[in-house]
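Have a look at the model first.

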Amino acid sequence: MCGTLRASDAGKKAVLMGWVNKRRDHGSLLFIDLRDRTGVTQVVVNADRDAAIHEKAGTLRNEYVIAVTGTVRLRDASTINPNMPTGEVELVAEELRILNESKLPPFLPSDTALTNEETRLKYRYIDLRRDAMQFNIETRHKVAKAIRDYLSDQGFFEIETPFMTRSTPEGARDYLVPSRVQPGTFYALPQSPQMFKQILMISGFDKYFQIVRCFRDEDLRADRQPEFTQIDLEMSYPQPESVWGVVEGFLTAAFQAAGSAIKTPFPRMDYDEAIRLYGIDKPDLRLPAFTDVRECFTAENLQELAINANLPVIAIRTPKVGELSRKERDDIKPMFHSKGGAKIFEDFKRIGNKYPDAAAAIAKKTAMQDGDGDLIVLVAGSAQAGPQTAMPTHRKVTPAELAIYASAGLLRLALAQKYADRHGIFKKTGDPANDFRFLWVTNFPMFEWDEGEKQWMAAHHPFTSPHEQDMTLLETGVDSVTDPQSTVSAVRALAYDVVLNGTELGSGSIRIHRQDIQSKIFRALGMTEEEAKSRFGFFLEALEYGTPPHGGIALGLDRIVMILAGAESLREVIPFPKTARAVDLMCDAPTPVSDRQLRELGIAVKK
């Protein structure tokens with residue numbers, strides 16, 4: 001291979017095949033950099049040695065595919081290239097074959113300045129030849145292999161589940177596949193193998209996993225694709241800790257395969273605590289947590305500042321920002337988006353001038369470091385805010401408090417991103433020394449209120465088991481699911497997310513294994529018995545045949561590789577991704593199909 005020759009190979013015969021990365025003409029000497037996925041070797045063609053080969057080499061252009069036979073020799077000391085693994089040797093050409101020519105590509109794999117993304121995606125086969133893309137795809141392979149090996153060693157079976165199944169829309173839209181032999185009926189591409197992996201537990205395969213493609217017809221972002229790959233697993237008879245131990249094990253193996261070490265076990269945090277400390281259910285632990293500094297102000301201070309004394313006053317500390325200019329300070333306010341009744345105090349110096357005792361107490365409580373130029377911004381509830389929308393009061397965090405925490409959480413991240421280059425908390429490369437901060441977030445709410453639909457919806461998915469201690473709340477609230485004050489608001493799910501540096505890597509739960517409880521959950525979600533039977537009848541029936549307790553999780557492989565590769569987008573680690581408009585520019589898909597195909601399927605397209 002082009003990247004494998006070393007000084008110890010000097011004197012050996014070798015055959016190299018690959019692409020012409022670069023050609024340099026020095027008269028009677030031609031130098032060709034020959035490239036494959038392993039690297040580059042310099043090939044020397046000497047006219048004095050063989051004029052015919054030299055003449056043929058003179059016709060070579062970038063991206064021609066060639067084969068060269070020759071002898072490996074050491075380079076002169078003055079010509080050694082220390083930046084190349086093969087930089088001590090070169091191949092003296094004795095035979096040259098042109099295996100294929102190439103048109104001039106719209107860009108070269110060796111270009112240091114990247115062309116625009118649309119061009120890269122249209123000519124993806126050229127883009128994938130670049131070193132960075134080769135590294136990303138190799139990292140993806142290593143990570144997937146490490147995960148497969150680890151789970152296989154732990155006794156898991158890799159079992160494939162169907163790609164063509166029934167539509168059971170939950171959340172995102174399904175991709176539908178029309179049936180030719182059953183006109184008017186449709187398969188759906190799976191958003192996840194959820195019910196199938198639970199049925200595998202009913203079937204006696206107590207440890208299942210699959211690295212599987214899933215499909216969601218939803219709006220795209222940098223971390224979303226219509227088809228994506230997830231690491232899916234399920235276990236029988238687990239406690240949540242059993243699932244966490246397996247996930248920590250295969251993530252350790254995966255990160256090790258990519259050259260990074262991580263610490264286990266991961267810390268754990270209750271959902272309510274995550275909201276109170278970070279304002280979000282996927283906190284980035286590289287940044288300081290919130291501090292409630294309400295007690296640092298007197299009642300008179302709060303009244304003068306028009307702050308609601310019954311709600312938290314959140315101090316956000318962003319470390320090592322340094323002195324801000326007037327314009328930079330003015331830029332803070334537009335970053336703030338109130339989630340309802342929240343207000344911002346971005347000028348801490350002004351607070352200090354007017355309320356020096358409060359400012360000193362806040363500085364002490366937040367561990368503010370003046371010498372490091374820490375930035376303090378306050379978020380509080382407005383005393384003038386109107387009444388809150390009627391929402392449940394059964395949970396530990398009230399809706400009014402949630403508005404403050406959520407507003408502060410978004411601002412905390414915006415401030416950190418804005419000033420990341422100053423304090424070096426965020427690294428944008430796949431550096432093995434990167435600060436990987438994992439976290440398990442646990443005890444999510446079982447239901448969340450949908451203001452548009454005016455009813456409670458499953459916060460995770462409808463197959464998640466509620467906490468046994470909260471079953472009475474489910475029993476009393478199941479018939480009042482259109483009431484925002486229903487006791488179902490306080491039901492906790494045996495659900496858990498694994499989070500890394502503010503990114504949710506995966507989500508899982510202990511599942512419902514009893515048919516009567518599953519039926520209750522469907523009822524709580526506003527489904528009639530007939531509707532539940534129509535959509536999930538086969539699954540409800542399966543639950544009646546001795547279903548063991550079971551649970552599992554699914555993690556996004558694309559996201560994990562994106563983080564390990566230091567990429568900015570999932571498109572950088574997926575070989576053939578779609579654009580933000582869900583278009584494959586290389587294949588020009590989706591496209592219309594012929595009238596004959598539509599007739600065979602019994603479909604008419606409405607313009």
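Q: How are H4 and H18 oriented to each other?

A: General idea: two packed helices are described by the angle between their axes and the distance between the axes. This is a predicted model, where local features need pLDDT of at least 70, side-chain atom pairs count only at pLDDT 80 or more, and totals for chains, interfaces and linings use all residues. Residues are numbered from 1 along each chain as its sequence is written, and side-chain values use heavy atoms, leaving out hydrogens and water. Here, helix H4 (residues 131-153) and helix H18 (residues 557-565) pack at about 125°, with axes 10 Å apart. H4 and H18 are therefore oblique to each other (under 35 degrees is roughly parallel, over 145 roughly antiparallel, 65 to 115 roughly perpendicular, the rest oblique).

Q: Which residues of H4 and H18 meet?

A: Contact means heavy atoms within 4.5 Å. On the H4 side, Phe135, Val143 and Ile147 are among them, and the H18 side includes Leu557, Ile560 and Leu564. The H4–H18 contact residues split into nine nonpolar, two polar and two charged.

Q: What about H5 and H17: how do they lie to each other?

A: The axes of helix H5 (residues 194-202) and helix H17 (residues 529-542) come within 10 Å and cross at roughly 20°. H5 and H17 are therefore roughly parallel. Met195, Gln198, Ile199 and Ile202 of H5 touch Phe536, Phe538, Phe539 and Ala542 of H17.

Q: Is Gln225 buried or exposed?

A: Buried means under 20% relative accessible area, exposed over 50%, partly exposed in between (1.4 Å probe, protein chains only). Gln225 is buried, because its relative accessible area is 4%. A polar atom of the Gln225 side chain lies 2.8 Å from the backbone nitrogen of Lys578.

How values were computed:
Axes are lines fitted to C-alpha atoms, for helices over the stretch in contact, and angles run from 0 to 180 degrees between N-to-C directions. Helices (H or I, at least four residues) and strands (E, at least two) are DSSP runs, numbered from the N terminus. Ala, Val, Leu, Ile, Met, Phe, Trp, Tyr, Cys and Pro count as nonpolar, Asp, Glu, Lys and Arg as charged, and the others, Gly among them, as polar. A polar contact is a pair of N or O atoms within 3.5 Å; within protein, one must be able to donate a hydrogen and the other to accept it, and residues adjacent in sequence count only if both atoms are side-chain atoms.
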